[in-house]
Amino acid sequence: MNYLDSIKAVSYIGDPVSNTAMFLSAKAGKLLMYLNDVNHCLIFAEHGLEVPEKLQQNHHFEFSDNPRLAYYQFTKNLEYKQIKKNRNRIYTTLDNGAKIGENVKIGNHVTIEPFVFIDHDCEIGDDTFIGSGTIIRRSKISKNVHIAEQAVIGADAFNLIQVDGNLSNMPTLGKVEIEKNSYIGSHTIISAGLAGYTRIFAHTQIDANCHIHHDCQISKNSTICANVKMGGFVQIGDNCFIGIGSQIKNRIKIGQNSLVGIGSVVIRNVVNDTIVYGNPAK
């Protein structure tokens, strides 16, 4: 079998998983060290990247001038295979109009209100409440989670690439993980990770109309107030408070025990135990 055909999943070079695909530019060569702990990965790499012989023996490198584009083309093929597989899968319709896909694991005492949609292969833990009209895809949800009406969990990510001079969106092949005792408000959207996880840790409280973008990590006991928007790869530490209507730029880190004031625009990292506010927040 061709090596390209043997890989069925993806991950990030900074947190790689064995038997997955990823991409790496030449200037990010220091990240190669993470491959020492995994096996048989497919790496779309940029010409000029110096790879130790041991890694070349344990992994397969596909070199090009644009590894991100090569990775995109590979992942589009994976996405198409998944779509094709799901065309033949069946949804079960409950008496209240809710639809449940195949291979969905639902725990004990779960409340599923009318017109909920739970896609194939999701997991729902014990004592979880899912409000009417909510959509859940690509997700693993722990016990005693409350998801209010018309939330979207596991939405497509938004990460653009130039393909033949035109913009295209990268395939979403990751997931969402919501830990126990968390709350997700109505109309809130949580995007799945591009290749890894968007994670909501235990006891986190997220109000209505928020947008948590792909690959964000919101640590335990944090409060995200209504209408907060955050870009991809944002990291929120333990016990943080993000005020109403705040906006957080992608890849920002907010340290534990910090507070972001109402309506703030955060464009720089925030260290532990800090209060910031304003536009830009400082």
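**Strand pairing.** Two strands are taken to pair if DSSP finds at least two bridges between them. Strands (E, at least two residues) and helices (H or I, at least four) are DSSP runs, numbered from the N terminus. I noted that Ile 135 has Val 152 in β14 as its bridge partner. On β14 I also found a parallel pairing with strand β19 (residues 189–191), over 3 bridges. There, Ala 155 stands opposite Ser 191 of β19.

**Basis of the entries.** I am reading a predicted model, in which local features need pLDDT of at least 70 and side-chain atom pairs count only at pLDDT 80 or more, while totals for chains, interfaces and linings use all residues. Residues are numbered from 1 along each chain as its sequence is written, and side-chain values use heavy atoms, with hydrogens and water left out.

**Aromatic pairs.** I counted 6 aromatic pairs. Rings of Phe, Tyr and Trp (its six-membered ring) pair if their centres lie within 6.5 Å; planes under 30 degrees apart count as stacked, over 60 as edge-to-face and the rest as tilted.

I recorded Tyr 12 and Phe 233 as edge-to-face, at 5.6 Å centre to centre with 65° between the planes. This pair links distant parts of the chain, 221 residues apart: Tyr 12 lies in the loop between α1 (3–6) and β1 (21–24), and Phe 233 in the loop between β25 (229–230) and β26 (235–236). Tyr 12 is partly exposed, at 26% relative accessibility; buried means under 20% relative accessible area, exposed over 50%, and partly exposed in between (1.4 Å probe, protein chains only).

I recorded Tyr 91 and Phe 117 as tilted, at 5.2 Å centre to centre with 45° between the planes. Tyr 91 is in the loop between α3 (67–86) and β4 (92–93), and Phe 117 is in strand β8 (residues 117–118), 26 residues apart. Tyr 91 is partly exposed at 32%, whereas Phe 117 is buried at 17%.

I also noted a cluster in which ring pairs link Phe 23, Phe 44, Tyr 71 and Phe 74.

**Charge over a ring.** I returned to Phe 233 and found the charged end of Arg 251 over its ring, 4.1 Å from the centre. The criterion is NZ of Lys or CZ of Arg within 6 Å of the ring centre and within 35 degrees of the ring normal.

**Cysteines.** I searched for disulfides (cysteine sulfur atoms within 2.5 Å) and counted 0. For Cys 122, the nearest cysteine sulfur, that of Cys 216, is 19 Å away. Cys 122 is buried, with a relative accessible area of 0%. I found Cys 41 buried, at 0%.
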